[in-house]
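Me: I would like to learn how to read the strand and helix arrangement here. Please start with the general idea and then turn to the case.

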Amino acid sequence: MKERSITEEEAKEAYEKGLKEAKELLKDPDKLEVFLQKLEKKLKVIPYVGESFSIVPAMISLVRSYIKKEYTEIPLGAVAGIISALIYIFSPVDLIPDLIPGVGYLDDASVLLICLKAGAKDDIKDYQKWREKNKKSIYKKVLVSYFSASGVTKRKAEHIAKEVEGDLYEIKPKEIYTDDDLNWHNSESRSSIEIKDETCRPAIKDIDIDIDNYDTIYVGFPIWWGIAPNVVKTFLDKIDLSNKKIIAFCTSGGSPLAPAIEDLKKTYPHANIN
Ligand SMILES: Cc1cc2nc3c(=O)[nH]c(=O)nc-3n(C[C@H](O)[C@H](O)[C@H](O)COP(=O)(O)O)c2cc1C
């Protein structure tokens, strides 16, 4: 396999050019997030090699923490420098398949070295220490959460978690649903009473994972009377939905998912529910 490399001059030029773009991106967090996601996707398709590249996930994570305002111990100019290096990494990856057919990986550390020379190395190290101290992984993770009363949704959730390489999390009601509770023929059963009151939030067991570590959260449930069981909303009430992508999935006896999603969107109008 061939490697692609550029001169230090070219890298410096690209870095300077990227700084302007980076400053523009910093003014528009949504656009910046789209860029980071595209970069992550590209890096998955074309793996990169070389020691300096091992720092890239930390750079991406730092930028995210900065725009979320959870980590601000770094000057704006330094963040722009890091974004500029990421923009550069993104571009050649973008060009590689056309430029050099058969290239299977990217090993071009020049621009990273320039960025690191500009002081970013210490900033990234400080950031990694901060993450470790706060027990936060630098890797963007996917959570597959689910509620399942009789096991069908649980099996689907396990399958999805395997497919998307996500962590599984079961939403556990404090009081488990008995067969009598689930009897939809009885209008006085627990599930019938709960669903009639849209403010009802049955208690759930403590959430023992750090939701902050996840950017994409799958939420699975059985359809009850056309929508998600209230206990799913207890879970959603308890977590910070801002900056998260929520992907709903369900199992049912035939009812579709769409009305359940509409109901969730109505309940959480500011959340990004898909
Ligand atoms: C209280 C209750 C209400 C239900 N309402 C519906 C419904 O409106 N439409 C439907 O297709 N299935 C309905 N079902 C069937 C479940 O959605 C289906 O069996 C589901 O796969 C069960 O998932 P679980 O094993 O993860 O609990 C209902 C089930 C229960 C217990």
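Reply: A crossover is right-handed if, with the strands pointing away from the viewer, the path from the first strand over the helix to the second runs clockwise. The model is predicted. In this model, strand E1 (residues 141–146), helix H6 (residues 152–164) and strand E2 form a β-α-β unit that is right-handed.

Me: In what sense do E1 and E2 pair, and over how many bridges?

Reply: E1 pairs with E2 (residues 167–170) in the parallel sense, over four bridges. Leu143 has Asp167 in E2 as its bridge partner.

Me: Which strand is joined to E3 (residues 214–222), and how many bridges are there?

Reply: E3 runs parallel to strand E4 (residues 245–251), with seven bridges between them. Thr216 is found opposite Lys245 of E4. From E3 the chain passes through H8 to E4, a right-handed β-α-β crossover. E4 is also joined by two bridges to strand E5 (residues 272–273), again in parallel, and there Ile246 faces Ile273.

Me: Which residues come nearest to the ligand?

Reply: Ser148, Val152, Thr153, Pro222 and Ser255 do, out of 20 residues around the ligand. H6 supplies the largest share of this shell, three residues. By class, eight residues of the shell are nonpolar, 11 polar and one charged.

Me: Where does pLDDT stay under 50?

Reply: Over residues 94–107, for which the model has 25 contacts beyond four places in sequence. The protein averages a pLDDT of 85, and 84% of the residues score at least 70.

Note on methods. Residues numbered from 1 in each chain as written. Predicted model: local features only at pLDDT ≥ 70, side-chain atom pairs only at ≥ 80, totals over all residues. Pairing = 2+ DSSP bridges. pLDDT = per-residue confidence, 0-100. Contact = placed C-beta atoms within 7 Å. Near = placed C-beta within 6 Å. Nonpolar A, V, L, I, M, F, W, Y, C, P; charged D, E, K, R; others polar.
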